[in-house]
Amino acid sequence: MKERKNARLILSLLGVAAIYFLGWFIEQRSGSKSMVVTVLQKGAVYALIAVSMNLLNGFVGLFSLGQAGFMLVGAYTYAILTIPMAKRAAVYQYYDGGWVQFTVGVIPAMIAAGLIAAVFAALIGIPVLRLKGDYLAIATLGFAEIIRAIVQWDTIGPLTNGSNLLKTYPTLKNIMPGNSVLFVFLVVGVCIGLILLIINSTYGRAMKAIRDDEIAAEAMGINLFHHKQMAFVISSFFAGVGGALLAMYQGSLQANSFKSSMTYEILLIVVIGGLGSVSGSVIASFLFIAASEWWLRFLDSEMLVGDFKVPLLAPGFRMVVFSVVIMVVVLFFRRGIMGDRELWEIGRRRGAKGGRIQ
Amino acid sequence: MKKLIALVLAVMMLVPAFALADNVIRIGVFEPSTGDNGAGGKQEILGIEYANSLAPTITLGGEEYQVELVIEDNQSLTDKAVSAAQSLVSKDVSVVLGSYGSGASMAGGDVFAEAGVPAIGISCTNPNVTLLCDYYWRICFLDPFQGTVMANYAKELGATKAYVLTMLGEDYGVGLGKYFVDAFTKLGGEVVEENFTEGTSDFAAYLNNATAAGADVVFAPCATTYAALIIDQAAAQGVTYPLLAGDTWESSVILEAAKGKNVKVYCSTFFDENDDGAAAAEFVSGFKAWLNENADKKTNNGGNDIVAAVSALGFDGYNVALAALAAADSADPAAVAEALPGVDYTGVTGNITFDENGDARKDMAYIKYANPETGAFDFVKTQSVDD
Amino acid sequence: MSEVKNVLRLENITMQFGGVVAINNLSLQVNEGEIVALIGPNGAGKTTAFNCVTGVYEPTNGAVYFHGKPIAVNHPQGKMVRQYAGELANKYRETRPVVYSPDRITAMGIARTFQNIRLFKSQTAFENVLIATHLRRSSNLFTAAFRLNLREERRMREKAMSLLETVGLAEEADELATSLPYGKQRRLEIARALATDPTLLLLDEPAAGMNPQETDELGEFIVDIKNRFNLTVFMIEHHMNLVMDISDRIYVLDFGRQIAEGTPQEIQQNPVVIAAYLGVEEE
Amino acid sequence: MFNQLLPYLLAGISVGGQYALIAVGYTMVYGILRLINFAHGDIFTAAGFFMVYLSASLPPAVSIPLVIVLTVVLGFTVERVAYKPLRSAPRMSIMISAIGVSYLLQNLMWYLTGGLAKQYPVLPGLSETIRIGEATTKVVTIVTPVLTVALVVGLVMLINHTKIGMAMRAVSVDFETAQLMGIKINNVISVTFIIGSAMAAVGSMLFFTNYTAVTPTVGAMPGLKAFVAAVFGGIGSIPGAMIGALIIGISENLIKAAGLTAFSDAFTFALLILVLLFRPTGLFGEKTTEKV
């Protein structure tokens with residue numbers, strides 16, 4: 001038993017190492033211009049965000065739709081803290097250089113991004129987590145919108161630059177030049193590793209109990225609010241870090257893009273990967289990003305095969321095909337890619353674990 | 001079923017591996033053809049396409065190359081702009097043209113800078129496009145200039161109190177609004193500022209406020225969607241003061257909204273169809289003929305053959321790119337980037353040379369009036385700023 | 001049993017849902033070491049009484065004491081006052097309303113099972129019990145996440161396993177809880193409840209759906225765990241043989257009212273009970 | 001002071017009435033399926049596009065009923081394709097499906113229209129300008145509340161006095177029991193979606209007469225606000241939804257009047273959270289207790 005456990009651990013570590021090597025290798029081979037590299041970067045960022053959302057929706061059973069709001073907080077925290085002093089006057093062109101007159105390093109700023117998002121979550125959680133099911137969904141969605149409105153508020157423009165773009169902060173490509181994929185994989189890997197540790201601890205078990213049956217969980221002495229709040233804060237922390245990474249990936253930042261449709265996209269990734277499966281979310285993120293940003297892009301431009309103009313191809317067709325695929329998954333493959341199992345659990349016998357989705 | 005999906009996915013992975021033809025130079029067109037700025041973006045693309053149809057080849061190092069336009073839709077959104085830009089970069093373009101809308105340009109700028117691909121902004125007027133990006137150049141005037149021009153013009157119309165209305169979350173409008181306010185207050189005018197949120201439908205209250213505040217001019221740089229509503233409402237209220245805005249309002253949407261109504265709508269823009277210059281006149285007639293030949297193109301131009309300023313700018317942008325390529329004598333983006341600052345090109349919108357920020361030295365704006373009777377823009381005057 | 005100590009005491013409990021009075025002025029007590037049964041026809045309010053004890057419901061009026069400590073105290077408010085006119089309405093006026101949440105009540109030492117089995121359905125039998133050991137943890141999120149609590153984690157697992165052995169489910173430890181047969185699911189619920197280290201165990205129809213032989217075995221099993229874990233047992237049950245076999249005392253509810261109380265012999269001879277309850281053919 | 005506020009009040013009543021017509025669809029569907037139909041806002045948008053395209057070639061007398069029919073067909077189809085197969089699935093799955101449908105409809109509309117704003121046609125008798133006191137407004141501002149109240153009264157009568165209405169009430173009280181009593185659940189649900197979509201179609205005509213540009217995402221925000229209105233009024237209660245919508249419409253505009261435009265959307269959600277915390281059943285909802 002123990003030997004098999006060790007073998008599994010070594011195998012997992014080798015697997016992770018292989019993924020890192022592959023990421024590094026692809027970037028070295030195809031150069032930073034290649035679309036593969038873009039997909040790897042954005043896919044990894046979305047993987048973290050999807051896993052953080054899965055922690056709530058898949059592991060605690062809280063239908064929360066506030067992820068975009070917490071990402072927004074994280075992304076802004078990171079950007080505001082890291083814009084170089086020399087560029088502040090230009091970025092905050094309408095606000096005399098802004099209020100914040102210092103910069104911090106990339107890693108401290110990312111941690112701050114997570115922490116501030118977590119503080120927001122802790123405050124929001126107090127009222128909101130008392131709500132059940134779809135009311136929670138709509139309330140968290142509402143809070144995300146409120147956060148967006150506040151960030152765009154002119155009065156705190158010197159802090160957030162109002163509705164204008166934030167730019168010139170350190171981005172993925174200039175933090176570790178030539179090794180951007182490795183950097184983002186490292187950060188995301190550490191974060192997902194932490195989430196996995198929590199999920200597999202006694203606290204993670206308590207969270208899964210809440211998902212399965214709130215009333216029974218409470219009768220077993222599990223404090224619902226306390227554990228929900230904990231999961232909400234943890235999830236938001238990593239959503240905040242994910243937001244910071246997204247800001248780094250994008251190179252510029254505007255509150256306007258953090259709309260509820262962003263949360264919906266992440267939710268769909270989680271569902272495609274399988275609610276309650278971390279590895280599913282990761283796989284689905286890469287597939288989702290690769291499909292939407294890369295593989296299906298050809299659908300957006302007119303194509304001539306010989307003299308024949310392929311019908312239907314026009315800007316926007318990509319997203320139509322893509323959303324049809326998503327609907328097929330939602331309707332006919334409800335368990336998603338992984339169901340609620342993990343990649344490393346495949347082949348391990350564990351009862352007949354079928355037919356469940358919550 | 002699952003196997004089938006796996007197969008489909010596998011096939012999709014193979015598709016993007018298209019072959020690169022020899023002797024082709026790619027110019028990226030980074031424009032919105034959908035979204036809020038889709039209409040303007042399409043007109044800009046038309047100018048570029050027309051220029052490409054006139055000059056489809058270029059000779060570099062003694063060899064003739066075909067110039068291929070790679071058009072990518074940035075959907076007028078800053079987050080989508082990033083991936084659109086990446087897609088362009090991954091297709092090995094030598095230089096990029098666009099985008100209509102400063103927000104998308106600023107968002108894409110980073111990608112171009114990191115990939116070392118120079119980009120030429122065509123109608124993006126926010127100063128930060130070039131200021132915060134070393135790989136962005138631009139061939140049009142800037143918002144501080146445009147804001148000042150309109151403030152001056154407002155003053156000339158006899159206004160002392162201006163009402164400025166912009167949309168929250170829109171880089172272009174908010175920026176231009178601020179420059180107008182700065183300039184107008186400097187000229188001794190008084191300003192009342194208000195914002196509206198995305199999706200606002202009823203502007204009655206805003207215009208009421210303007211009237212109540214005693215404004216004698218309204219400056220409302222915003223997307224044409226809202227512009228149409230504002231004009232509509234202004235006509236309904238029978239306001240007497242003129243409505244002013246920036247370059248986005250030079251659009252058939254505005255003409256339609258103003259047609260047959262008792263409103264005075266002015267906007268500043270980059271180019272006038274009835275320009276007397278030989279180059280401009282030739283462009284206008286050629287472009288109109290080209291539009292009329294091709295039904296698709298005409299639809300993209302809004303169904304008529306009115307020459308938009310952004311089309312003229314697009315035309316110039318393409319030729320500036322060719323000039324830079326020729327000067328570099330290479331398709332290598334780095335070489336093009338090096339050659340760009342030295343380009344001196346006289347196009348249909350005037351002479352283009354770049355200053356140290358990468359901005360064209362342009363000191364003239366055209367002010368146009370949306371004539372409600374004819375449903376066309378009347379040229380009012382050219383306006384420059386002296387300081 | 002040297003000295004009689006009461007473990008659980010319900011005092012004038014009334015529970016009202018809208019216009020429906022589910023329990024009407026119920027008072028009862030369960031003493032240390034006893035097995036007390038609560039019986040009555042369907043809809044008599046038995047499970048509601050359990051829910052008032054375990055904090056799922058907030059009683060409309062009355063008080064619940066556990067080891068003499070109030071765990072749920074409430075008095076009617078607003079227009080309900082009229083319905084409880086007189087002494088009852090004012091009885092708890094002076095006391096501050098107390099309502100503990102279910103998890104705190106479990107932490108105090110009351111564990112329960114459910115009438116309609118509520119196992120954690122995505123978890124194995126072993127995990128179901130393991131989850132319940134979470135309550136008595138000493139680790140915090142940090143030590144748990146970084147595995148600084150290995151000793152405690154091992155102890156939790158050992159405890160869960162030994163409880164599964166106690167209820168005879170060691171073989172099925174890795175089976176999905178919901179894939180077990182009905183009888184075993186009921187036992188698993190008991191194992192899970194025991195994992196919270198209770199002093200009072202509430203069993204809600206533990207023998208439901210069992211055949212006579214299984215029911216007999218269950219009776220022995222309940223007595224066995226009662227002695228082994230030093231428990232007091234309060235149960236709702238329909239199987240009269242089981243109730244009469246193992247209970248020390250019985251309370252009978254009908255339409256939310258207590259109609260009788262006594263030893264099994266007394267209850268069997270009580271004419272009111274016979275009329276209201278035993279006279280009705282069961283199942 | 002009043003003259004200053006009047007245009008805001010008028011705008012508030014008008015937009016509130018339009019939210020109300022959308023909210024009816026939300027509240028009915030939620031009452032019966034316990035589903036937040038996230039796609040409802042997009043069905044509303046689709047109704048806008050139907051009108052844009054139909055009125056290009058047809059007179060209003062034909063295009064108006066046709067728009068309602070097409071919208072109803074769309075709503076009906078969405079229910080049959082995306083919700084019906086999930087009837088026995090957990091509620092979260094249906095909600096995810098609703099989000100998926102919303103995503104699909106938005107992308108489809110984006111593709112078909114090129115993502116460009118389309119000009120809504122002028123409907124006779126609605127777009128004319130009138131003066132009320134110091135304020136000028138369109139006829140639609142006056143028509144909206146009247147029409148809304150009439151439709152809501154009609155709907156309440158339908159629900160209280162017809163067989164199908166009785167079936168709807170039964171299903172919303174207890175899904176399973178109603179099924180056992182021989183009520184054809186699927187028919188009731190279809191009728192619910194048909195009524196909801198028809199109301200949304202009427203709402204879209206009024207809304208877009210004011211806000212003359214139709215874009216693929218334009219319905220998302222009014223949709224969410226209408227849902228908040230439904231919750232505020234007490235989910236399942238049709239008059240509640242109307243009153244909730246009017247309150248939201250008016251307060252939103254008063255907030256604009258106070259110069260806090262940035263928060264007019266945020267206010268709606270803040271209101272929602274307050275309602276959920278302090279009166280989760282809304283103004284007219286009934287309290288239910290979960291059975292253990």
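These legends go with close-up views of a predicted model.

**View 1. Helix α12 of chain A, from end to end.** The helix covers residues 224-250 of chain A and has 27 residues. From first C-alpha to last, α12(A) reaches 38 Å. That is close to the 39 Å expected at 1.5 Å a residue. Most of α12(A) is covered, with 22 of its 27 residues buried. A:Gly251 follows the helix. Its phi is positive, near 85°.

**View 2. The contact between chain D and chain A.** Chain D gives 34 residues to this contact, and chain A gives 38. On the chain D side, the elements that give two or more residues are α4 (91-113) and α11 (264-278). The largest share of that side comes from α4(D), with 15 residues. By class, the chain D side has 26 nonpolar, six polar and two charged residues.

**View 3. Helices α6 and α8 of chain D where they cross.** Helix α6 spans residues 163-173 of chain D, and helix α8 spans residues 185-210. Their axes come within 10 Å and cross at roughly 105°. The two helices are therefore roughly perpendicular. From α6(D), the contact takes D:Ile164, D:Ala167, D:Met168 and D:Val171. These meet D:Ile185, D:Val188, D:Val191 and D:Thr192 of α8(D). Seven of the contact residues are nonpolar, one is polar and none is charged.

**View 4. D:Gly196 and its surroundings.** This glycine sits in helix α8 of chain D. D:Gly196 counts as buried because 27 C-beta neighbours lie inside 10 Å, and the cut-off for buried is 20 or more. Leaving out residues up to four places away in sequence, D:Gly196 touches D:Val24, D:Gly25, D:Met28, D:Val29, D:His40 and D:Gly75. D:Val73 is 123 residues away along the chain, with its C-alpha 11 Å from that of D:Gly196.

**View 5. Helices α5 and α8 of chain C, side by side in one view.** Chain C has 12 helices and 11 strands. Of its 283 residues, 47% count as buried. Among contacts in chain C between residues at least 6 apart in sequence, 67% join residues at least 24 apart. The pair shown is α5 (residues 125-132) and α8 (residues 182-194). Their axes come within 7 Å and cross at roughly 30°. The helices α5(C) and α8(C) are therefore roughly parallel to each other. Their crossing is right-handed. On α5(C), the contact is made by C:Ala125, C:Asn128, C:Val129 and C:Ala132. On α8(C), it is made by C:Leu188, C:Ala191 and C:Arg192. The residues of this contact divide into five nonpolar, one polar and one charged.

**View 6. Backbone details in chains C and B.** Most residues other than glycine have a negative phi, and most peptide bonds are trans. C:Asn12 has a positive phi, near 50°. C:Asn12 lies in strand β1 (residues 6-17) of chain C. C:Asn12 is partly exposed, with 18 other C-beta atoms within 10 Å. C:Asn230 also has a positive phi, near 60°. C:Asn230 is in the loop between α9 (212-228) and β9 (232-236) of chain C. With 11 C-beta neighbours inside 10 Å, C:Asn230 counts as exposed. In chain B, the peptide bond from B:Gly98 to B:Ser99 is cis, with omega near 5°. B:Ser99 lies in the loop between β4 (95-97) and α4 (102-115) of chain B.

Conventions: Residues are numbered from 1 along each chain as its sequence is written. Chains are lettered from A and ligands numbered from 1 in the order in which they are written. This is a predicted model: local features need pLDDT of at least 70, side-chain atom pairs count only at pLDDT 80 or more; totals for chains, interfaces and linings use all residues. Helices (H or I, at least four residues) and strands (E, at least two) are DSSP runs, numbered from the N terminus. The expected span of a helix is 1.5 Å times one less than its number of residues. A residue is buried if 20 or more other C-beta atoms lie within 10 Å of its own, exposed if 12 or fewer, and partly exposed in between; C-beta atoms are placed from the backbone. Two residues are in contact if their C-beta atoms, placed from the backbone, lie within 7 Å. Axes are lines fitted to C-alpha atoms, for helices over the stretch in contact, and angles run from 0 to 180 degrees between N-to-C directions. Angles under 35 degrees count as roughly parallel, over 145 as roughly antiparallel, 65 to 115 as roughly perpendicular and the rest as oblique. A crossing is left-handed if the near helix is turned anticlockwise from the far one by less than a right angle, and right-handed if clockwise. Ala, Val, Leu, Ile, Met, Phe, Trp, Tyr, Cys and Pro count as nonpolar, Asp, Glu, Lys and Arg as charged, and the others, Gly among them, as polar.
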